[in-house]
Amino acid sequence: MLLIASNVFSAVLRHAAASPQEFALLPRLLDWQQKGLLQLQLHTTQDHGPIPSSCQQQADEVQQQPGPPVERVTGRIAEVHLQAAMQQLQQGAARAQEVDAYVCGPPSMTDEVVGLLQKLGVPSSCIRTEKWW
């Protein structure tokens, strides 16, 4: 999971899981997307089926709302996705130095994403990680 936020009250969430059933806190994230509190992108790395039926109605409602839709992506979070997130935040006048990033996941993924964020100009002091497994 990767959350990138700026001090201008914008947040972009890039959330990756092996399958849609593994997305943590999906109902809450969909609710925040619907309220305009974040821009959500869901990545599946193995099983690319539909999101869980318990969340399907909520996801459909979010997709019908004005504003950006929840994006579904096949594959891991890559540099192109981070660049797009940074561009979304910069539309709200944030610069890379004003961004806070929270990266959570397996060590190899978190290390890779941290390197990409640094490459995009986010200072190390603005990146927090939680590694598990």
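The legends below describe close-up views of a predicted model.

**View 1. Helix H1 and its buried face.** Helix H1 spans residues 26–34, and its buried residues are Leu-26, Leu-29, Leu-30 and Gln-33. Seen down the axis of H1, these residues fall within an arc of 100 degrees, so they line one face of the helix. The cover over the buried residues of H1 includes strand E2 (10–17), strand E3 (39–44) and helix H2 (53–64). After H1 comes Gly-36, with a positive phi near 80 degrees.

**View 2. The salt bridge between Lys-35 and Asp-31.** Lys-35 and Asp-31 form a salt bridge in which the closest N and O atoms are 3.1 Å apart. Lys-35 counts as exposed, at 57% relative accessibility. Asp-31, in contrast, has a relative accessible area of 24% and is partly exposed.

**View 3. Ser-19 in the loop between E2 and H1.** The loop between strand E2 and helix H1 contains Ser-19. Is Ser-19 buried or exposed? Its relative accessibility is 9%, below the 20% limit, so Ser-19 counts as buried. When residues up to four places away in sequence are not counted, Ser-19 touches Thr-44 and Asp-47.

**View 4. Strands E5 and E6 with helix H4.** Strand E5 (residues 99–105) pairs with strand E6 (residues 127–131) in the parallel sense, over five bridges. Together with helix H4 (residues 107–119), E5 and E6 make a right-handed β-α-β unit. Within the pairing, Val-103 has Thr-129 in E6 as its bridge partner, and Gly-105 stands opposite Lys-131 in E6.

**View 5. The two faces of strand E5.** In a regular strand the side chains alternate between the two faces of the sheet. The covered face of E5 holds Val-99, Ala-101, Val-103 and Gly-105. Asp-100, Tyr-102 and Cys-104 make up the uncovered face of E5.

**View 6. The salt bridge between Lys-131 and Asp-111.** Side chains of opposite charge can pair when their charged atoms come close. Lys-131 forms a salt bridge with Asp-111, and the closest N and O atoms are 2.5 Å apart. Lys-131 lies in strand E6 and Asp-111 in helix H4, so the pair ties together parts that are 20 residues apart in sequence. Lys-131 is partly exposed, at 44% relative accessibility. Asp-111 is also partly exposed, with a relative accessible area of 43%.

**View 7. The salt bridge between Glu-112 and Arg-76.** A salt bridge joins Glu-112 to Arg-76, with the closest N and O atoms 3.2 Å apart. The pair links distant parts of the chain, 36 residues apart: Glu-112 is in helix H4, and Arg-76 is in the loop between strand E4 (71–74) and helix H3 (79–90). At 39% relative accessibility, Glu-112 counts as partly exposed. Arg-76 has a relative accessible area of 46% and is likewise partly exposed. The model has four salt bridges in total, among them this pair.

**View 8. Ile-77 in the loop between E4 and H3.** Ile-77 has its place in the loop between strand E4 and helix H3, the loop that also holds Arg-76. With a relative accessibility of 7%, Ile-77 counts as buried, whereas Arg-76 is partly exposed. How many residues apart along the chain are Ile-77 and Ala-5? They are 72 residues apart, and their C-alpha atoms are separated by 16 Å.

Definitions and conventions:
Residues numbered from 1 in each chain as written. Predicted model: local features only at pLDDT ≥ 70, side-chain atom pairs only at ≥ 80, totals over all residues. Heavy atoms only, no water. Buried < 20%, exposed > 50% of the residue type's maximum accessible area, 1.4 Å probe, protein only. Helix = DSSP H or I, 4+ residues; strand = E, 2+ residues; numbered from the N terminus. Arc of directions from axis to C-beta. Contact = heavy atoms within 4.5 Å. Pairing = 2+ DSSP bridges. Right-handed = clockwise from strand over helix to strand, strands pointing away. Salt bridge = Lys/Arg side-chain N within 4 Å of Asp/Glu carboxyl O.
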